[in-house]
Amino acid sequence: MRIHQLSIQAFGPFAGTEEIDFDDLGNAGLFLLDGPTGAGKSSILDAICYAIYGSLPGNRQGSRQIRSDHAAEGLNPEVRLKLSIGERRFELTRSPAWMRPAKRGKNKFTEEKAKSSLRELVAGQWQALSTRNDEVGQMMGSVLGLDREQFTKVVMLPQGGFADFLRAKDSEREKLLSRLFDTSDYAKIEEEFATRLTISRKNTEAIEAELAALANHIREDAERSLRHEGIELAGGHEGEEYFAELEEQLLTVATANQQAFLERKKGYGAANQKHSSLANRQRVFARLSELEQLRKEHESSAERAAGVSAALILDQQARRIRPYFEQLAEAQKRVVELEIAATQAVSALQENEPRPALSLDQPTLVALTEERDQLTGQLSVLRAALPEEHSRVALAKQHQELELRVEKENSTASNAQSQLEQFAAERTNLLTQDLDAVAAATTVLQAQQQLEASETAVEQVKQRETAEQKLDTAKDQRREAAKVLDEQQNTYLQAQRQLMEQAAVRLAAALEPGEPCLVCGAREHPQLATAEAGAQLMDEEHLDVLEEQLQAQRGVVSQHEIKIESLRTTHQALVEQVGSLSLREAAEKLVEARDQLQQAKDKQQQISTRVARAETLETQIQDMQAKISASQLAATTASEQCAAAGEQLRQLDERLAQLRGDYPSLTERTKSLEHTHRLVQQTQQALERLLDAQQSRIGAQQRWDSECQQAGFESTQGYQDALLPAATRTEYEKLYKARQERATTITTLSESADIAEARKFEAQGLSTPTEDELERLRAELSEAEQLQEAARQAEVVARSALQRLRDGRQRLENRITQAGPVIEDYRRLKALAEVMRGGGENRLKMTLSTYVLAARLEEVTAAATERLQVMSSQRYSLHHDDSARGNAKSGLGIRVHDAWTGRDRETQTLSGGETFMASLSLALGLADVITHHSGAVDMQTLFVDEGFGSLDTETLELVMESLESLRSGGRVIGVVSHVSEMKQRITNRLTVEKTREGSTIRTVDAEVSLALSGQL
């Protein structure tokens, strides 16, 4: 970055406009910025910083007192800076917020907002980049790669600040470094580690609580099981050894309970075997008794069973041929029904049309078939002509409608002609009246403007009267405040006089015996001043309170005066607008303006109504003309269509008359012929069905006679006698089936092992056991079962408790194994977080962000040492010191190594000149490191501020050589100093001169400087 020109106007101590051309100053690479103290040397640097970032450097960044108090009223403060960054050239213009005189009124100011502008020179033309105050600073910071704090440390090197930095404590040094080097990422890492540590600690605590709860549950469950078995253990034990002891005890109990269960199980087996043997003997004897009873019942029902079997056989033969009998009966029944139907059909045919008697035989059937076919042909012809008869009705209706349409269209044309004549007469009348809508609208607009002016006047009169009232009230308040001010001034003056009068009393009260008097020096005080009886002593504190009250009241009076002036200005402006117009006069003009506006609107409405009616009439006339033409055309077309429809209707009537014959209509003739056809067809079909049924009856009689003989029945009566009633047949089938099932049961039971075993028991002389014997064995079996179940439950409980203990120990071991990494991670994370916070094993007591700053400080001291060794003739060098200092924060120390003594020194032991060299070296080294790490552009313009007066001639020469080395690569170095010796060493100067009217800037080049020195 290289600065080219700077323009300052009404800024800081500069009352007018000052122009600085840094290109001319920097021709030699080094220039001096000099001037007396307070002239404004640092204000030039402030202007550069303000132009780029929109704020002042250091602790003055929030100050609003930027505009020069020496500037002429109305001259706006402004800073314009032109600079190059790489190959790009920019122009920045900024004007801070300031209070400018108001355009109206007296002694009144209004705030002018801050303004900014950023332009870039592109292809020889200035292009605007931004006009937003904040955006301009952000864009420049982005291009430079430096924020405001870094810029002031890199480009403007204030020696006093770096001297403080050189001697500061580690904690204070850290504050400055953290502002210059961004360590927010490392601070976030510290926060992230703290967050993870909190989460890990909660997880670890939850796991440890879970493990303790699980261990307690396992121990309590095992102890409870042992107490249930009558075994008491000493409480308070924990750990694997105690769990092993519990498992051993439970194993002993489970083994004992298992042995007891096996004994009880053996006893239950013996009792169950005795009970089963006795129950089995009872069962087989019951089966033997059942067999004997079945045999008796089977033998007693043998005779009846034979008769039932014979009847079922005859019934089965009769049911086999019953379908043939039912078929014959159905055929006979159908012949009778069809004879009745045929007779009824013949009677209906003869009633419809007299004809000779018809017999129910085959010739009659042939004659009826031929008659039906003839009638079918006639019906086909009539049905084909029916649509024409139906269309005749529609055609006649169409003809009538066309006649009516001709009449209607002629009437419509006549009515439309009458309306057309009326509309034309009305339009002629309207055209003779006023239809100028534009003139009416202009009159309304003028009336509206007059009304608005009247309303504004009324409002302004009201505001003028309100302003008069407020002004009178403010004057009254000012008089009251001034009255209070006079009273407070009198009180304050009286208190001052009282304080002076009581000075001797206070001095006497402060004297000590034997001590000299502060006034005369005497050690004896024969006549001490005393206050009057009852007088109140006045002190400085009370006088200060009275003075503060007086100043506050003066402020109140001043506020009232400002308010009065503001109200007077407002009132005067209103008077200039409405003069002495009264509210009544303004209201009357307002009423008159409203009446004129209403009259203009009424006239405009009337004209608008006439114009709209005229347009409507024109449209209606055109519509009527079109309607007349359409009606005349429609009447002609309908008349032609009506004539054609009449001719078509005449021809259709002639054809239909031939087909109707003597019937009134073709439909009536068709219906009569259809009725005759239907009767003939019904009679023919009934006779045909009757003849077919008679043939079927003959065949059914022949099949029945044949089947009856084959079944062994001599007649139909024999067949009917053999058929059993349904209830009887069901009863006989049940008896037959029951006898068959009983015979099967007897056979199966006789051959069973139970009967053989019962015969064996009889041979041994044993019989069915008694109920007492069975009851006694059941009681023994129940008791043995209860004892076995109790022993089994005791064993299950013991085994379950043992298994729960083993499973619980395994779960606990698995959970401990699973939780091991979590707990270990917590311990490791805790140790690491402690180190990052500066605790634990961190011997330097440095946080992570402090450690990063220590690395940056080490780079700064290394860069500073390169220049300090040149300035000090290789005597001094700066080193980063990270040694611990008790419990205090460390890691950011700086020590000075003295090559002459070979020892390190504290920075506080350096002399003024040595401190200046070390501070300047630190400033230059810090600038290099900030530029390197921020990725900033190369700074071609630098300023070094003050401190040269503390150097001797030899040291000053070395420092100047070091500054000369900074000029390499085309750099321009500005040295800020008021030391006269610097004027002889640096010929290009920028001199700031201060006067009562404000400071000015004068540029002195090398030739002028030599001339002033008498060497040209």
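Which residue is the bridge partner of Glu 91 in β8? It is Arg 119, and we'll meet that pair again below. First, some ground rules: this is a predicted model, where local features need pLDDT of at least 70 and side-chain atom pairs count only at pLDDT 80 or more, while totals for chains, interfaces and linings use all residues. Residues are numbered from 1 along each chain as its sequence is written, and side-chain values use heavy atoms, leaving out hydrogens and water.

**View 1. The whole protein, with 24 helices and 17 strands.** Helices (H or I, at least four residues) and strands (E, at least two) are DSSP runs, numbered from the N terminus. Of the 1016 residues, 36% count as buried; buried means under 20% relative accessible area, exposed means over 50%, and partly exposed is in between, using a 1.4 Å probe and protein chains only. The protein exposes about 59700 Å², and carbon and sulfur atoms supply 49% of that. Those areas come from the Shrake-Rupley method with a 1.4 Å probe, and for residues only the protein chains shown count as cover. Contacts here are heavy atoms within 4.5 Å. Take the contacts with a separation of 6 or more: 75% of them come from residues 24 or more positions apart.

**View 2. An open sheet of six strands, in the order β2-β1-β4-β5-β8-β9.** The pairing is antiparallel, and two strands pair if DSSP finds at least two bridges between them. At the edges stand β2 (14-21) and β9 (125-130); each has a single partner strand, so one side of each is left without a neighbour in the sheet. From one strand to the next, the twist averages 20°. Angles like this one run from 0 to 180 degrees between N-to-C directions, with axes fitted as lines to C-alpha atoms, for helices over the stretch in contact.

**View 3. Strand β5 and its partners β4 and β8.** Strand β5 (residues 88-95) pairs with β8 (residues 115-122) in the antiparallel sense over six bridges. Here is the opening pair again: Glu 91 has Arg 119 as its bridge partner in β8. Leu 92 stands opposite Leu 118 in β8. Toward β4, the antiparallel pairing of β5 runs over seven bridges, and Leu 83 has Phe 90 in β5 as its bridge partner. The hairpin of β4 and β5 has two residues between the strands, and Gly 86 takes a positive phi near 65° there. Is β5 enclosed or left open? Six of its eight residues are buried, so β5 is largely enclosed by the rest of the structure.

**View 4. An open sheet of three strands, in the order β11-β12-β13.** Pairing is antiparallel here. The edge strands are β11 (876-881) and β13 (903-905), each with a single partner strand, so one side of each is left without a neighbour in the sheet. Neighbouring strands are turned by 40° against each other on average, direction ignored. Six bridges join β11 to β12 (residues 893-898), and Asp 881 has Gly 893 as its bridge partner in β12. Helix α20 (residues 848-871) packs on the sheet and touches β11 and β12, its direction making about 175° with that of β11.

**View 5. Arg 464, a buried arginine in helix α11.** The helix spans residues 437-501, and Arg 464 counts as buried at 8% relative accessibility. Among the residues it touches are His 571, Leu 574 and Val 578. The C-alpha atoms of Arg 464 and Gly 579 are separated by 9.5 Å, although the two residues are 115 apart along the chain. A polar atom of the Arg 464 side chain lies 2.7 Å from the backbone oxygen of Gly 579. That side chain also reaches the backbone oxygen of Leu 581 at 2.9 Å.

**View 6. Two buried cysteines, Cys 642 and Cys 708.** Cys 642 has a relative accessible area of 11%, and Cys 708 comes in at 6%. Counting a disulfide as a pair of cysteine sulfur atoms within 2.5 Å, the total is zero.

Notes
Polar contact = N/O pair within 3.5 Å; in protein donor to acceptor, adjacent residues only side chain to side chain. Lists of a residue's contacts leave out its neighbours within four places in sequence.
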